[in-house]
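These are my notebook entries on a structure that I went through today. I set down what I looked up, entry by entry, with the cut-offs behind each term.

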Amino acid sequence: MTEPSPDSRTDAEVVRAVLAGDTNSFETLVLRYQPRVFASARRYARREDEVEDIVQEVFLKAFGKLETFRSEAPFEHWLMRLAVRTCYDFLRAHQRRRELTFTEFTREESDWLERYNAEPDQTPESDSGARELLQRVMGQLTPDARLVITLLELEDRSVREIAKLTGWSESLVKVRAFRARRQMRKMLQVLLKSERL
Amino acid sequence: MKAELIRQRLLAAGRSLPPADHVPYAFEKRIMAQLGRAKALEPWLFWNRILWRCAGPCVALTLLVGALAWWGPGDIQASDSLTADLETVVYAPLLMAQEVW
């Protein structure tokens with residue numbers, strides 16, 4: 001892979017250049033922030049082609065809305081707001097609500113649950129079965145719930161940060177977080193009941 | 001209670017390994033190519049944008065003229081019937097042309 005030549009301009013300078021008609025400068029912004037946007041998109045989509053579509057949409061939207069960027073805040077914050085909102089739109093468009101059953105689990109997922117049942121304190125957190133199970137449970141949540149759990153509990157963001165990223169009020173974030181946790185607990189309770197774990 | 005403990009454990013598992021940030025090869029070229037395609041459509045977008053921007057002032061002007069016509073000072077030379085007024089306005093250029101000749 002060829003290493004792209006580093007651009008010493010600040011984000012604000014690059015944005016000004018793009019707005020002045022130098023479209024090619026936009027590539028500098030893409031190169032700078034695409035790893036960050038990819039990591040964020042991978043929280044919401046499992047298939048790599050879906051992740052790529054999300055990232056592409058984020059940058060196309062960013063280019064189209066570049067006029068609305070105010071240089072007072074860092075470009076990264078502005079871009080991540082767009083990324084989070086695009087991921088939320090993706091979740092809403094791909095919403096699937098199906099009953100979660102134990103039989104659908106992979107071997108690793110069921111093994112992790114069985115081990116957890118036998119020795120709750122000894123079950124490793126870094127186990128791939130746990131991560132797969134988390135992905136599966138998250139996939140069953142509503143888009144609001146999934147977004148808020150991801151930002152609050154997986155990315156450790158504050159309520160204020162989430163409010164800025166999503167455009168929701170702080171109290172709405174709190175309400176949605178409360179409901180999301182309850183939804184997740186209910187889902188796991190049903191699962192535990194059905195399997196008498 | 002048990003569901004909450006499992007929930008906490010699963011979230012801890014999710015936090016322990018953040019998602020990868022690797023980027024497919026030359027992905028930025030794909031974005032730039034998409035932008036190039038979008039730019040090809042730009043003349044139409046530009047035209048569309050102008051039309052939308054003009055729409056607001058046009059509506060405002062129409063409302064203003066309408067308001068003036070409705071509440072403004074009445075035309076001193078206005079006749080009693082609307083038909084006669086309309087006829088005068090429509091034939092005004094013809095009458096003026098006749099006067100010139």
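Predicted model: local features only at pLDDT ≥ 70, side-chain atom pairs only at ≥ 80, totals over all residues.

**Entry 1: a helix of chain B**

Residues are numbered from 1 along each chain as its sequence is written, and chains are lettered from A and ligands numbered from 1 in the order in which they are written.

I then looked up burial along the helix, and in α1(B) I found Ile6(B), Arg7(B), Arg9(B), Leu10(B), Leu11(B), Ala13(B) and Gly14(B) to be buried. A residue is buried if 20 or more other C-beta atoms lie within 10 Å of its own, exposed if 12 or fewer, and partly exposed in between, with C-beta atoms placed from the backbone.

**Entry 2: the two chains**

For chain A I noted nine helices and zero strands, and for chain B four helices and zero strands. Of the 197 residues in chain A, 29% are buried, whereas 9% of the 101 residues of chain B count as buried. Taking the contacts in chain A between residues at least 6 apart in sequence, I found that 58% join residues at least 24 apart; two residues are in contact if their C-beta atoms, placed from the backbone, lie within 7 Å.

**Entry 3: where the chains meet**

How many residues of chain B are in contact with chain A? I recorded 30 residues of chain B in contact with 36 residues of chain A. On the chain B side, α1 and α2 (27-40) each supply at least two residues, and α1(B) gives the most, with 14 residues. The residues of this side of chain B divide into 18 nonpolar, three polar and nine charged, where Ala, Val, Leu, Ile, Met, Phe, Trp, Tyr, Cys and Pro count as nonpolar, Asp, Glu, Lys and Arg as charged, and the others, Gly among them, as polar.

**Entry 4: the domains of chain A**

I found chain A divided into domain 1 (7-94) and domain 2 (97-197), with bounds that come from an automatic or database domain assignment. The C-alpha centres of these two domains of chain A lie 27 Å apart, and eight residues of domain 1 are in contact with nine residues of domain 2. The side of domain 1 that touches domain 2 divides into four nonpolar, no polar and four charged residues.

**Entry 5: a helix pair in chain A**

At what angle do helix α4 (residues 75-93) and helix α8 (residues 159-166) of chain A pack? I noted an angle of about 75 degrees, with the axes 8 Å apart. That makes α4(A) roughly perpendicular to α8(A). Axes are lines fitted to C-alpha atoms, for helices over the stretch in contact, and angles run from 0 to 180 degrees between N-to-C directions; those under 35 degrees count as roughly parallel, over 145 as roughly antiparallel, 65 to 115 as roughly perpendicular and the rest as oblique. Met80(A), Arg81(A) and Val84(A) in α4(A) meet Lys164(A), Leu165(A) and Thr166(A) in α8(A), and the residues of this contact divide into three nonpolar, one polar and two charged.

**Entry 6: single residues**

Most residues other than glycine have a negative phi. I therefore checked Asp156(A), which has a positive phi near 55 degrees and counts as exposed, with 9 C-beta neighbours inside 10 Å; its place is in the loop between α7 (143-154) and α8 of chain A. Ala26(B), in the loop between α1 and α2 of chain B, has a positive phi of about 55 degrees and is exposed, with 12 other C-beta atoms within 10 Å.

Glu67(A) lies in the loop between α3 (48-64) and α4 of chain A and is exposed, with 8 other C-beta atoms within 10 Å. The C-alpha atoms of Glu67(A) and Val15(A), 52 residues apart along the chain, are separated by 8.8 Å.
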